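The structure is shown first.

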Amino acid sequence: MNKIIIKELLENKEVNKEYVISGWVRTKRSSKNIAFVMLNDGSCLKDLQIIIDDLSLIDKYVDRITTGTSISVSGKLIKSEGKGQTVELIVKKLDILGESDSETYPIQPKRHTLDFLRKNAHLRFRTRTYSSIFRIRHGLSFAVHNFFHTNNFYHIHTPIITSADAEGAGEMFKVTTLDLMKPPINKNGDIDYSKDFFEKQVNLTVSGQLEAELAALGLSKVYTFGPTFRAENSNTSRHLAEFWMIEPEVAFSDLTDNINLATQLLKFGCKYVLSNYLEDITFLSDRKYKEEQSFKKELRSKNTLLDSLNNIVNNPFNTISYTEAFDILRNSKPNKKNKFKFPIQDWGVDFQSEHERFLVEKEFNNPVIITDYPKNIKAFYMRLNDDKKTVRAMDVLFPGIGEIIGGSQREERFIDLKNRMQEMSISQKELWWYLETRKFGTVPHSGFGLGFERLVQFVTGMSNIRDVIPFPRYPSHVEF
Ligand code: 4AD
Ligand code: MG
């Protein structure tokens with residue numbers, strides 16, 4: 001018989017045929033001689049209504065079928081006379097695969113808080129909200145590969161274990177096989193990493209950029225899409241200790257090319273999910289709207305999720321320099337009225353999320369790309385401008401999210417790079433291979449890092465990043 005998933009069944013809707021369907025019971029309504037069961041298998045948002053009207057099946061099974069029970073049924077698909085569905089399945093044969101104790105099953109057919117569901121992350125895939133999120137997450141990941149592949153980029157798998165600190169920020173998780181109770185000590189009294197597995201100190205990568213640059217300087221257009229790790233103690237709704245980053249790197253490309261690439265990628269991703277996951281997006285858009293009704297007026301979003309996505313696809317992004325952004329912020333109402341937690345006074349300060357959100361949500365009401373940041377607040381690899389004060393950096397800021405992309409044109413000039421590394425105490429001995437690419441056939445090149453979870457957050461309208469990765473890792477949390 002025709003074994004099929006609910007998504008395909010509902011897409012084809014070929015009635016008067018027999019099918020085998022398996023899934024988890026969402027709800028059951030029953031009387032003496034008929035039972036209606038809503039079955040979901042996660043393949044799509046919609047449930048399939050199944051009808052049990054065979055008295056022997058009712059006697060044998062209906063009491064044992066509760067929310068969360070997994071079952072497999074076979075029967076005929078018919079046009080539905082009832083409201084809410086166009087087709088339904090009349091059950092001929094039924095197997096209970098796994099019973100579910102209705103008293104203790106956490107995912108009841110009622111509203112649960114997201115926090116409660118986070119604590120039950122092993123079961124939250126069964127809810128409408130999370131199954132929608134993870135279907136969309138898949139769609140976005142697919143869209144990213146699709147975008148790069150059709151634009152002739154090559155996917156490079158950069159290492160997860162590395163000895164480099166690509167961002168120079170020192171927020172790394174160490175990787176070692178040494179006995180932490182009695183590590184070998186060298187003459188200086190320090191831990192002797194030459195006795196460790198790799199014979200040197202290594203960590204989990206914070207970015208695949210440096211290795212992606214090496215590949216771009218041979219393959220021209222490459223990207224990495226992998227897990228990255230940051231041991232920063234940020235307990236915010238936008239930070240994870242383990243997250244996924246998309247990092248394209250392009251040879252013969254300057255900052256303007258880089259901005260165009262970032263804009264195209266973001267627009268493509270949003271368009272792709274609007275075309276292919278509209279049912280899930282619409283569900284999440286309604287969810288967000290309902291959730292926000294309990295908020296104070298000023299905390300509610302101006303746009304629905306659907307509007308925000310269409311806005312990204314249809315409208316241009318704004319590009320301004322750091323100095324322009326600085327002037328706007330310094331002269332802004334909240335700054336003059338002392339409403340910012342971090343007042344904007346001196347040129348050179350890093351913007352905080354309150355400033356980024358002011359620019360995106362109040363000043364421009366659309367994504368903003370900020371370029372040419374002061375060199376002191378950016379990484380060593382960014383190309384120095386002629387003013388010697390700023391670098392060819394770009395950050396893309398999104399409504400409701402803040403920074404979604406960080407990138408730059410890279411310093412391709414050997415001497416300038418060497419000087420910057422020295423200034424910023426980046427080990428040239430450690431990164432000899434990075435420097436060497438500037439000695440042999442160096443070229444202008446650019447790239448950026450897109451935080452995948454922040455993109456999924458924007459596209460699903462979820463306010464907490466912990467809800468858009470299956471098993472979030474953040475300070476004190478590594479369950480599942
Ligand atoms: O701005 P970041 O630190 O840039 C880099 O790592 C560069 N090496 C990228 C490059 O040029 N190839 O990080 C890039 C993006 C941020 O804009 C943000 O979206 C995301 O990565 N990100 C995080 N996402 C979740 N949790 C964290 N702790 C994040 N840190 C950065
Ligand atoms: Mg950044």
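## Salt bridges

A salt bridge is a side-chain nitrogen of Lys or Arg within 4 Å of a carboxyl oxygen of Asp or Glu. By that criterion the structure, a predicted model, holds 31 salt bridges. One pair is Lys288 and Glu292, whose closest N and O atoms are 3.3 Å apart. Both residues lie in helix H7 (residues 278-292), four residues apart, or about one turn of the helix. Helices (H or I, at least four residues) and strands (E, at least two) are DSSP runs, numbered from the N terminus.

## Basis of the values

Local features need pLDDT of at least 70 and side-chain atom pairs count only at pLDDT 80 or more, while totals for chains, interfaces and linings use all residues; side-chain values use heavy atoms, with hydrogens and water left out. Residues are numbered from 1 along each chain as its sequence is written, and chains are lettered from A and ligands numbered from 1 in the order in which they are written.

## The three-stranded sheet

Three strands form an open, antiparallel sheet in the order S8-S10-S9. Two strands count as paired if DSSP finds at least two bridges between them. Strand S8 (161-162) and strand S9 (174-175) are at the edges with a single partner strand each, so one side of each has no neighbour in the sheet.

S8 pairs with strand S10 (residues 202-204) in the antiparallel sense over two bridges. Ile161 has Leu204 of S10 as its bridge partner.

## Helices H4 and H14

The axes of helix H4 (residues 128-150) and helix H14 (residues 452-460) come within 10 Å and cross at roughly 125°. Axes are lines fitted to C-alpha atoms, for helices over the stretch in contact, and angles run from 0 to 180 degrees between N-to-C directions. Angles under 35 degrees count as roughly parallel, over 145 as roughly antiparallel, 65 to 115 as roughly perpendicular and the rest as oblique. H4 and H14 are therefore oblique to each other.

The contact (heavy atoms within 4.5 Å) is made by Ile133, Ile136, Arg137, Leu140 and Ser141 of H4 and by Phe452, Glu453, Leu455, Val456, Val459 and Thr460 of H14.

## Helices H6 and H8

Helix H6 (residues 255-276) packs against helix H8 (residues 305-314) at an angle of about 135°, with the axes 8 Å apart. This pair is therefore oblique as well. On the H6 side the contact residues include Leu266, Cys270 and Leu274, and on the H8 side they include Leu306, Leu309 and Val313.
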